[in-house]
Structure formats: C-alpha cells, structure tokens
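Me: Please go through some of the labels used for this model and say what each one rests on.

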Amino acid sequence: MSSLFFWREWHKTTQIVYVALLLFFFFNIILVVYTYNMGLDNVIPFITQDITQILKYSFGEITLGMFNIPIEGEMFSQKIFYDVEALQLNKQYYYYFGIVLIIVLAGLLAVVSEMKFIPYAIGMGIFIFWLSGINLNLLRVLPENILFFVVTFVIGGISYLFQSYITKPNLGVRFITFLVALIGLSFFIGNSTSVKFPFLFLIVNGMWLPIILTAFFVILTALEIVRSFFYLLVKYNAQASGQNITHFSILTAIYWFNLLFLYFDFTGYLKLDIFLVDILVFFAVSSVLGVWGFRLKAPIYTMFFDFKTTGAFLYILLGIISFWMLNFSFYLGNESFILSLKEFILYAYLGFGLTFYGYLIFNFPPLMRDSQPAHKVMYEGISFDFVWSRYFALAMMIGLSMASGHKLYYRSLASVSNLKADVYFIHGDFEMANYYYEHSFYNDYINPRASYGLATLSSTKKNFSDQVNYLKNSLLRTPNEQTYLRLAKLLIEDERPKDAILLLRSGSNNLPKSAKIANNLALLYANENKPDSTFHFLKQAKKYATDDIPEANLVAYFASSKVVKEGKELLKEIKIDKNNLVGQMNLIALYNNYAQKFEQFDNQLWKKSISKKGFGYVYNYALNRNAQDSSVLKFLREYDNKDASKQFGTRIQFANAFTNYYKGDIDKGIQAVISMPILNSEPYFNTIAGLWLAEQGDFFAAETYFAKAVELENPQALLYQAIALSEMGQNEKALALWSKVIESESISPETKQQAVKVLRVLGDSAKIVDDIDRYNFLHYQKEKLPLAIKKNIFDEIKNEYYKIKLATELVNQSLESQDYETASYYFDFLKNPKTKHKSTNSAAQYAYLRYLLARNASPRVLDEIEKMEWVGNYKYKKDFLKAVALQNVGKTQEAEQYFKNAAASAPYNIDVILNTVEFYKNIKKDNLKAYQILVESIRGRQFSLPLYKSYALQCIVMNLDNYAEDAMNEIKKNTPNQYADFEKIFREAKQKNEKIIENKEKNEK
C-alpha cells in the first residue's frame, strides 16, 4: 500500500495540498463526462415556446328539424415547441477557468522553484514570456509596461528567494505562498482597472500557455497504456516467461488497431460501422495510470527534478489544466479545440504507443524469457536508449500532422479565435466579435461554434440568408439539436413550413434519439394535418424525452383532433406529472373531448401560475364538470381577484352563464351570456346565445344573435340563421340564406347536401324525392297543410328515425290545438323511441307523456316518467310533466316544487309558463307570483300571443289597468286578425273585476 499511497512519506502540508490537487484532478476527469453530455446546452440553451390553442368540443347538442347541431365549447390547450436562444455566454465560467489557471500557475511556480537552476531558468523564462504576451497594458492599471514589471518583480522575486536563499520550505508551503501572491495581484488589478471584465481579456490572450501545457501532458501520458500492459504482465505473470511477449503483443495490437481505426475514421479514409473506444477514454485512463506510472520515469528526469513531490506535483498540475481545458471547451462548445486535442492525442498515442512497443520488444525479450523483473528497468534500454523512441514518436506525430494538411494547427488557431470572439461578444463589441468569429471560420471552415456565433450576429442585422448559410454550415461536422431547431424556426418565420419539415426529418434521421427534434417535427406535421406522421413522431419524442413536454403535446393533439381509438386508449395510460400545469390543462381538454369526467383536479395547482396556463387549467375543469361542481366558479372568482390584468373576465362571465344554464337555471344562464359586453365583437358568444335561445324555442331572438355572429365572420352561424328563419316560417328570407350556405366554402359538404334538401321544400314548388324530403316538407310546412295531406305524407315515410321525429312534432301540434283525435293517430309511434340520437328519444318521450296528461292519465305518467332516460334540457322539462301530473292527482305541495324547477329550467316554453301561472293563480291563489312569472316571460322576448293574453288578463286581476291596455296594444299590433275575438274576452274580464272591486268596497263600508 505504501507504493499506492506514495505521498504518505511527505511533509504534512505537502500531503494535504497534493491530495487536494489529486482529488480535484479526478473530479475534472469525471466532470468531462457531464460537460460532454451537455453538448451545446450551456452556450445555446434550450427554451420552450408555448402556443395557446382554443379548441372546440361538443358539450351539448340541440335538434332543429333534421339538423343535430353540436353546441361547442371553447377550451384552452397549449402545444409546446422546443426552441433555442441566441448565443448565451456566461462570463462566470471564464472566471472559473481563471481561478483554476491561477491555482495551476501557483503550483507550477512552486514546482519550478524547487528544480535545478537550468530547468528553473527555463521555467521562469516561459512564465515571463507568457506574461509579456497577455498584454497587461490593456487593463490601464499603471503606465505602460509598469504593471508587467510589478508582476514580474513580485512573482520572480518570490521564486528566486525559494530557489537561492529560502530553500527549506516544502512544496506545500511554496504553493500556498505563490497562490496568495497571485490572488493578491488579481485583486489589485481587479480593483484598479477601468476595463469592464479585465480577466476575460487576460485569459484569452494567455490561452496559448494552457494549450502548450495540455500538449505536454498528452505526451507524458501517451505511452501509459502500453507501459501498463508490459508492467502488469512482467510483474504479476513472471512465470509465463516467453508467453508474456505474445500476450503483450496481442494486447498492444488490439489497442493499436483501435487507434488506427480511430485515425481512419477521424481522417475519413475509412468508415467502419464497428465499436471503437473513444480517444478521450484512452486519454482519461492513461492520465489516471500516469499518476503512479510517472514515478517509473524518475531516472529520466533526475537531471531536472526529483519525482518525490516535484515530479508528482508537476504531473497532477498538468493533468488538472489539461482536463479543465477540455471541460472549458465542452462547456463553451468550442469544437475546434476539442477536435484539435483529440487529433493531437491520437497522433501522440499512435506515435508513442508504436515506438514504445518497438523499444520494449527490441530491448527486453531476453529478460522476459528469463523471468527477470524487466519492469524495473523498462526505461534503461539494452539495445538502444529510450530517448530514441521518443524522437521516432515525435517524427511520426509530425508526419501524421503534415499528412492531414496541418489541420491540427489551424484548428488550434480557430479555437483561440472563438474564445476571443466570445469575450468581445460578452463586452457587446459585436464588430470585433464578428472579426474573430470570421477569423476562426477562416482557419476551420467547418466550425460549428464560429458558425453559430456568426449566425447570431447576423440575426441582429436581420440578415436571413447569412443566418441560414452559417447554421447549415454548422451541421456539416457535427449535427446538433440546437442548429436544427434554430434553422427550422427561421424557415417557419420565412413561411416555408414544408422546408422546415424536410430539415427536421433530416435531423431526426441524423439524431434519431432527439426528443426535441421529433417533438417539433410532430407539431409541424399536425399543422399540415398529417395525423399519422404527427402521432409517430410524438410517440418517438415521448420515448426519448427527459421531460414530459412530448406527452403534454400528445395529449393536446388528441384533445384537438379527437382520433377516437387512440384517444380513448390514451386516457387509460396517460401519465402526466401532477405538477405539470400545461400537461394537466391539456389532459382535462382531452377528457372534455371524450365526455369523460376528470377527477384528479388539484385546486392549488392553478394558483401557482396566474397566466393562461393557470386559467386554462381551472377553466377547462369548469367545462368538464358541466355545472355539477359549483366550487369551480369559486376558483374562477379567486383567479379573477388575483389577476390584476383581468384578461379572462369574459371567460369567467361565460363560465358563470354556462354553469347556470346547464344546472337548470336557463333564464339566468341566457341573460348572463347576452349581457356580456364583448358580444359586439366576439362571434363565438353570439353563436352560443343564439343556440341556447333556439334550444328554448325563441327563434326570433336566436336569429338576431346568429345574424350578429355572421356579421362578425362566423360562417357556421349562417347555417344556424337559416335554420332559425325557417323554423319561424319566414321562408322568403330563409331561402336566400340557404343559397348562401350552399355556396359557402366554410360549410362541410355533408351540411351542404342537407341544405339543398331544405331548399327544395321551402319554395312554392316543393320537390319531394325521399324520406328526408317528406320530413322537411312536413316539418317546415305543417302549419299550412291540410290534415289529410299531412297524414298521407307521414304514412309514406319508411325511415323510423324521421317517422319518430315527425310523430313527435305532430303530436305536439295537435295537443296545442286540442285536437286529441289527430294526436292519437301519431301517438303510437312514440311509445318506445330508440333512435341513435338521445335528444330525439327524449323529445318523443316528452310528447308521449304530454298526450297522456291531456287524456287524464296522470297516474300512468307518474309511473313511467322516472323509468325513462332524459338528456339535455329534457332532464328539466320532465319536471313540468311531473308537476302537472302531481297537481292532477291532488299532491299540490309536491307539485309546487316541480313547477318552480320547471319555470327556472324552461322559461321559454309557453306550455310550462302558462301551466305554472294557472297553478299559482287557481291552486295556490297567489296572483302576485303568477304575475311575476308572466312579467319575466314576456320581458325582452319574441311576441307570443298566448303569453300576452295571459299577461293582459293577469294585469286586470292585479288592478294594473294601464299595463293591461299596453298588452292589448301589443296584441293588436302583432296579431290584428285575432285581436277582436280576444278583446271581447278581455273587456268581460275587466268588467267582472270592476264589479268584484265595487262589491268589496261596499262590504267594507
């Protein structure tokens, strides 16, 4: 163990310093793995770009004639693109490099001060020469050259004292002394200069010294692997004697051929699809082996220094600066230096490995055959001296470099130019930065780092073609995610999405495990409506992603596209992190799309982000609950209170309207949406208001909102407006709109076909071809047709669906005119409706039970009503039927609650209103309540003769003669042909009420 921990014999201070440096050396080797894996992330960091989408989904459906119209909600979703920032240079890392450089310089100065005079003089000469080259005058601390002489005097004076006069201090003390001196000088310079970032200039101007030290360290480690093969075989397998030569040759050949094939691959002479150990792995292994192997070379360096402390420190310090240079280059993405270092290592290991093998084979086979400890004298050649192998190795390195066209040299120049350009970039001197990037580009044409720097500078000048050319150039040597993403973004901004797709396809082929490229490619395919490609690349992105962005996008895609099979499967297997706000928002949108309840809502998550993400999360959940969770409105109000910008006030208003409408407070919901200020500019909310009003049968009001939506450029509302006019019987206006629907490019072909069928039955010469035509003809013309024609056409219909729809409408029409005989003719078709549309079934059931009530079968109604399935507003309309049935069987108390529910949930249904009024007027004897219901019913609504008749009569009862006369004027204006008959009834009721009042006054007297 003493040979393993050879520093135990040293002075305590020296031991502590050496072990600290040794640990830092190992740390640097490990750090290389981290910085290598980071790629360009440090200088070209990834960011994300969130794009909010407003997705449509159906939260309800209304049936108007043959049209089943979805009521679409607008929910929030976000798709996330990966993006990259422009060049981001962190000056802190330069400072870290400077700190390490100071530590290494302090150590090297301490080592040099212990050497014999000649190597000491050479070492200090190199230091002073380096100091003169870093241009201290740039700092403007002292008059020209004075600072150089001050630093030289301080450091040179300390080293000379240690060399000539104070020779007793150990290496640890010397190291600490130099370190303190260098730190003191650094603080002095930093506090005295007016230059913004002084040490950045010093570091890059003096970068040639770390490069030379790194090259020297590479040469020191170049033969360590071959030496280790020889050392281990001879020392631990001595009894194998002559076989060791064979074993040694085989091991060396394997190692050497790996290097040879690396060389072929590196130069492009030969590309083999085989596994090869990276040269940096050999470098790391050799460097670690050298910690102990360098001792064996002690006899070679005796004339310069003793290995004990001096040689050990020298090796560790050179190793630290070499691996720190490598980390620094990986961190900055300075590929020119990395390639230069790899090339130099390869040449050194090829040259020294081969020549050292030849040196050992020529010198030591006799000792090996005799099982002698040749490892102890491996540097003391018998046939020829070790130094000659070094000369041959250097000659081989020079030859390989010349064969490559001195690319090693030019890449080294390019790497330094990159660093200088970075420093000027940090200082904001873009002109000088551009100069040095171009200089780097000139020395190493395929230079990703310079290319990206020049592309960034071109972006400040809005030079599109230069950006693209530089970025494309940076892909030639080493394809990387950042460049592909940046290039694709530029192409998209230039309105060339197909070129961006081709580029990212190429990127995906070159970097098949890049989740970021696959994610962006999938989103571009989604924009181009390519579902198969979208799904494929989103799955690929999800497979290789280290975050859950691709999964959030996958959810958003299915929420927007509703691919039924895959989407339902996705609901089962999706695993979005509970803290991923965007993913959770998209997930609720997906649940909404498939009409599934979302149960994992976190009422604290949205509070973390008062933004579109936070609002979208809680808003989507509000839609998901479909008025079943009133606490959601509380969350929305909380959000509105926290959001100073009030940017989502309109959506919160709509959520309130939505909740009221679907929990059964229909009038409150409609009033909330039609009172929104944004109706003047937003087609969506006009469309919703129109659909809700149409669902309640107020086509007059609905048509005005559809017309506004059309004016605000919602082409779909044109269809709804045409339907509303047709339902109102305004065929002349409707015909013109149906023609526009057929011509519109925004209407689907299926809807256009339906429009054609409606158009041909509305005109004076109706054309009836099939069951759809028969249905449409009866539906739109039933008020005008004789009973016999209606029956004949009805009987001709074969399609069960249209038969049930027509039976429903004709039963309702007959009941309103109290023609029970005709109603009974169609009644039998409504007993068990089983169409694919649940709303049609509910409508048929409603008409069926209405008929039973009209025929005094209230007990039967109460028996059957709860056994039926009700959807949409029919869930609430059934309350009316139940109320009437309970009233008829004498259960007044229970009936009142159902009448209240019915009045709130069906405020536009004349049947419901009039029956509720009669209940309060005649059964409860509450004239005020009856009057209030009528007032709310006629306020702001389309004129309804039955409602105004009831209202006029009720005003008489309430002694509101002026209001009663106003109601009569409305009846006269809107229905003059029916005014005379009702006026007689009205005058009789008024006289009767006057007599009641007169008798009452007499009795009171």
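This is a predicted model: local features need pLDDT of at least 70, side-chain atom pairs count only at pLDDT 80 or more; totals for chains, interfaces and linings use all residues.

Me: Why are H40 and H42 called roughly parallel?
Reply: The axes of H40 (residues 838-854) and H42 (residues 874-888) cross at roughly 10 degrees and come within 11 Å. Axes are lines fitted to C-alpha atoms, for helices over the stretch in contact, with angles from 0 to 180 degrees between N-to-C directions. Angles under 35 degrees count as roughly parallel, over 145 as roughly antiparallel, 65 to 115 as roughly perpendicular and the rest as oblique. H40 and H42 are therefore roughly parallel.

Me: Which residues of H40 make the contact with H42?
Reply: Contact means heavy atoms within 4.5 Å. On H40 the residues include Ser839, Tyr846 and Leu853, and on H42 they include Tyr874, Phe880 and Asn888.

Me: What makes H36 roughly antiparallel to H37?
Reply: H36 (residues 771-781) and H37 (residues 787-796) pack at an angle of about 155 degrees, their axes 9 Å apart. That angle makes H36 roughly antiparallel to H37. The contact is made by Asp771, Arg774, Phe777 and Leu778 of H36 with Lys790, Ile793, Phe794 and Glu796 of H37.

Me: How do you know that S1 and S2 pair?
Reply: Two strands pair if DSSP finds at least two bridges between them. S1 (residues 46-64) and S2 have 18 bridges, in the antiparallel sense. Among the bridge partners in S2, isoleucine 69 is that of isoleucine 62, and glycine 73 is that of tyrosine 57. S1 and S2 form a hairpin with two residues between them, and glycine 65 in the turn has a positive phi of about 65 degrees.

Me: Why is S2 called mostly covered?
Reply: Buried means under 20% relative accessible area, exposed over 50%, and partly exposed in between (1.4 Å probe, protein chains only). In S2 (residues 67-84), 15 of the 18 residues are buried.

Terms used
Residues are numbered from 1 along each chain as its sequence is written. Side-chain values use heavy atoms; hydrogens and water are left out. Helices (H or I, at least four residues) and strands (E, at least two) are DSSP runs, numbered from the N terminus.
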